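Subject: Handover of a structure and findings

Dear colleague,

Please find below the structure that I am handing over to you. My notes on it follow.

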Amino acid sequence: PSYDRLHKVRPLLSPLVASWKTAYHPRREVSVDESIVAFKGRSSMIVYKPNKPHKWGLNAWVLAEVKTGYMWNMELYTGKKNEPEVGMTKQVVTNLCEPIYNTGHHVYMDNYFSSPALFLELKVNQLGACGTLRTNHIGVPARIKSAKLTKKKSDTVVDRDADNLLYIAWFDKHQVTLISSVHNSQSFEKSVRTRNVPDHRRVVQKPIAIELYTRYMQGVDRADQLLWYKLSTH
């Protein structure tokens, strides 16, 4: 039952990740995402991600600082287990974030991880969170679940639940749903490109929370980019 598929590399991996944590303390904004370690050898842990630059490899869950792309914490996904993995994505985030509990960091993530239950747990442990959201989660307000926005009907829908978590439904090129424990519902005017007007620009009201999510969700992508720049020079 306690078999570890990483037992051969654990003596290297565990001290390595521990050294990342002691060498540097991340700024307030961090992001959680997956990172593919390119590999085509034989292993039950290999995953295929067709939307990634490196489609075959090992799947690493990573917490990285947004500004620098510094990888601060990481877990390797060891493949599917025999028993159902209920709440697996929530456990991934809490495992990565536990070392920064009670520090006031803001954690950004996409809708693969986000849920009201996770955001409430992070909030209890003094961590803010922001991320896109799948509306089929338990606890999402009815107004957000029923929001059907289009280009012609693009008014922003905003709601808060009993735990003061903010929900925003907004239409860009498609409908975007966001959940946050650190932002408010304020919007700002933003000029965006479009084909339907003479100068190909139009002004939209964009929620500040969504703008900040776009800005701060890039930590792990930046880490991957810097890593492959380094490898390509050797």
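Which residue stands opposite H106 in strand 5? The residue is E29. Before I continue with this part of the fold, please note that the model is predicted.

**Confidence**

The protein has a mean pLDDT of 87, and 93% of its residues reach 70 or more. Where pLDDT is low, predicted coordinates should not be read in detail.

**Strand 5 and its partners**

Strand 5 covers residues 106-109. Strand 1 (residues 29-38) runs parallel to strand 5, and three bridges join the two. With strand 6 (residues 128-132), strand 5 pairs in the parallel sense over four bridges. On that side, G128 in strand 6 is the residue that stands opposite H106. From strand 5 the chain crosses through helix 3 to strand 6, and this β-α-β crossover is right-handed.

In a regular strand the side chains alternate between the two faces of the sheet. In strand 5, H106 and Y108 point one way, while V107 and M109 point the other way. All four of these residues are buried.

H106 deserves a separate remark. The relative accessible area of H106 is 14%, which is under the 20% cut-off, and H106 is therefore buried. Leaving out residues up to four places away in sequence, H106 touches R28, E29, V30, G128 and V182.

**Helix 2**

Helix 2 spans residues 88-97, and its buried residues are M88, V92, V93, T94, L96 and C97. An α-helix has 3.6 residues a turn, so residues three or four places apart point the same way. The buried residues of helix 2 pack against strand 1, strand 3, strand 4 (71-76), strand 5 and helix 3.

**Salt bridges**

How many salt bridges does the structure hold? There are five, and I describe three of them here.

- R10 and D4 meet through their side chains in a salt bridge, with an N to O distance of 3.0 Å. R10 has a relative accessible area of 32% and is partly exposed. D4 is also partly exposed, with a value of 23%.
- R27 and E65 form a salt bridge in which the closest N and O atoms are 3.3 Å apart. This pair links distant parts of the chain, 38 residues apart: R27 is in the loop between helix 1 (10-23) and strand 1, and E65 is in strand 3 (residues 56-65). R27 counts as partly exposed at 40% relative accessibility, whereas E65 is buried, with a relative accessible area of 0%.
- K206 and E211 form a salt bridge whose closest N and O atoms are 2.9 Å apart. Both K206 and E211 are buried.

E211 is in helix 5 (residues 208-216). Its relative accessibility is 19%, and because the cut-off for a buried residue is under 20%, E211 counts as buried. The side chains of E211 and K206 also make a polar contact, at 2.9 Å. Apart from neighbours within four places in sequence, E211 is in contact with F188, K190 and K206.

Most residues other than glycine have a negative phi. Where in the chain do N102 and Q126 lie? N102 is found in the loop between helix 2 and strand 5, and Q126 in the loop between helix 3 and strand 6. Phi of N102 is near 65°, a positive value in a residue other than glycine. Phi of Q126 is likewise positive, near 60°. N102 is exposed, with a relative accessible area of 55%, while Q126 counts as partly exposed at 48% relative accessibility.

Yours sincerely

Terms used:
Residues numbered from 1 in each chain as written. Predicted model: local features only at pLDDT ≥ 70, side-chain atom pairs only at ≥ 80, totals over all residues. Heavy atoms only, no water. pLDDT = per-residue confidence, 0-100. Buried < 20%, exposed > 50% of the residue type's maximum accessible area, 1.4 Å probe, protein only. Pairing = 2+ DSSP bridges. Right-handed = clockwise from strand over helix to strand, strands pointing away. Salt bridge = Lys/Arg side-chain N within 4 Å of Asp/Glu carboxyl O. Contact = heavy atoms within 4.5 Å. Polar contact = N/O pair within 3.5 Å; in protein donor to acceptor, adjacent residues only side chain to side chain.
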